[in-house]
Amino acid sequence: MDLTAALTLGDSEARAALAILPPGDRTHAGAHALRLGRPHLTLDWSAEPLLRAAAYLRLGSTGAARQELRGQPDTARPAVLHARAARLDRAPDAAALAAHAARLARAEGDGNALIAAAILNAEQDLSGADRAAHFAALRSLAEGLKVAELTGQPADPHLLAVLAHAQRPLNARKAAATAAKALDRGEPGSPARVLALLALDRPDEAHAQAQRGSLAAAWWEPFAGLVSAARPPATTPGTDGTAADG
């Protein structure tokens, strides 16, 4: 049985299937498990601190993530994980930590870390919840999109999902197309897939995906709030819902 097939099984069955792996392959198995929305299995199979911190963050266990990051150097990838922990906790220094991570990523030429920092900066922008905030988020995400352009790689699906939410009140049709791309590229149970489904106004499917990936509510609740705030108010039965009512 190959690794991907094993990771489609239930937790106990997957653990049994993966038990035959050589110890040197377990970090790879753990990384693959995280990509497929199985953070608990990542924690079972990897001792790599950054990977374990990322898995704990998926679960919303920010304290455990910070423990994994203790002693790590002040470089881009640990900085991104610290910034994500702050974002999940709604900490007052979340914006400053995201900006710091972006600076380190630029200095190190770390494209993946820069994309993650751009996502965090855009999420922080969107907490403003007005049109100016959405334009600010678009500017933040542009830096992450530039990485894909320069490397010739497809745009990151998580970035696309956040982009769809930034576009939604400005151009609903474009936002739906962006969300569809994120949904197509996102892995099962990933933040990308959950946020894309919310942008497409499919909350039940989004919640099912979040449950599948053990994704903590702090990752997606702010976006659910954005979608709810953008919906037009319900009209009273018997009226046409126009401004002339009353």
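Visitor: So is arginine 90 buried or exposed, or partly exposed?
Guide: Arginine 90 is partly exposed, because its relative accessible area is 40%, and that class lies between buried (under 20%) and exposed (over 50%), as found with a 1.4 Å probe and protein chains only. This is a predicted model, in which local features need pLDDT of at least 70 and side-chain atom pairs count only at pLDDT 80 or more, while totals for chains, interfaces and linings use all residues. Residues are numbered from 1 along each chain as its sequence is written, and side-chain values use heavy atoms, with hydrogens and water left out.

Visitor: Where is arginine 90 found?
Guide: Arginine 90 sits in the loop between helix 7 and helix 8, where helices are DSSP runs of H or I with at least four residues, numbered from the N terminus.

Visitor: And what is phi of arginine 90 near?
Guide: Phi of arginine 90 is near 55°, which is a positive value in a residue other than glycine.

Visitor: Where else does a residue other than glycine have a positive phi?
Guide: Aspartate 201 is one of them, with phi near 60°. Aspartate 201 is in the loop between helix 13 and helix 14, the latter covering residues 203-212. At 33% relative accessibility, aspartate 201 is classed as partly exposed.

Visitor: Back to helix 7, then. How many of its residues are buried?
Guide: Helix 7 is mostly covered, as 11 of its 14 residues are buried. Among them are Ala76, Pro78, Val80 and Leu81, and the buried set also includes the arginines Arg84 and Arg87.

Visitor: Which side chain does glutamate 123 meet in a salt bridge?
Guide: Glutamate 123 meets arginine 84, with an N to O distance of 2.9 Å, a salt bridge being a side-chain nitrogen of Lys or Arg within 4 Å of a carboxyl oxygen of Asp or Glu. Because arginine 84 lies in helix 7 and glutamate 123 in helix 9, the pair ties together parts that are 39 residues apart in sequence. Both arginine 84 and glutamate 123 are buried.

Visitor: How many salt bridges are there in the whole structure?
Guide: A search of the whole structure finds nine. In another of these, glutamate 143 pairs with arginine 106, and the closest N and O atoms are 2.6 Å apart. Glutamate 143 belongs to helix 10 (residues 131-151) and arginine 106 to helix 8 (residues 94-108), so this pair ties together parts that are 37 residues apart in sequence. Glutamate 143 is partly exposed at a relative accessible area of 27%, and arginine 106, at 44% relative accessibility, is partly exposed as well.

Visitor: Which residue forms a salt bridge with arginine 202?
Guide: That is glutamate 205, and the closest N and O atoms of the pair are 2.8 Å apart. Arginine 202 is partly exposed at 31% relative accessibility, and glutamate 205 is partly exposed at 39%.

Visitor: And which residues do salt bridges with shared partners join into one network?
Guide: Arg84, Arg87 and Glu123 are joined into one network in that way.

Visitor: New topic: where is the place of glutamate 108?
Guide: Glutamate 108 is part of helix 8, and it counts as partly exposed, with 39% relative accessibility.

Visitor: How far apart are glutamate 108 and threonine 75, in sequence and in space?
Guide: Glutamate 108 and threonine 75 are separated by 33 residues in sequence, while their C-alpha atoms lie 8.2 Å apart in space.

Technical notes: Helix = DSSP H or I, 4+ residues; strand = E, 2+ residues; numbered from the N terminus.
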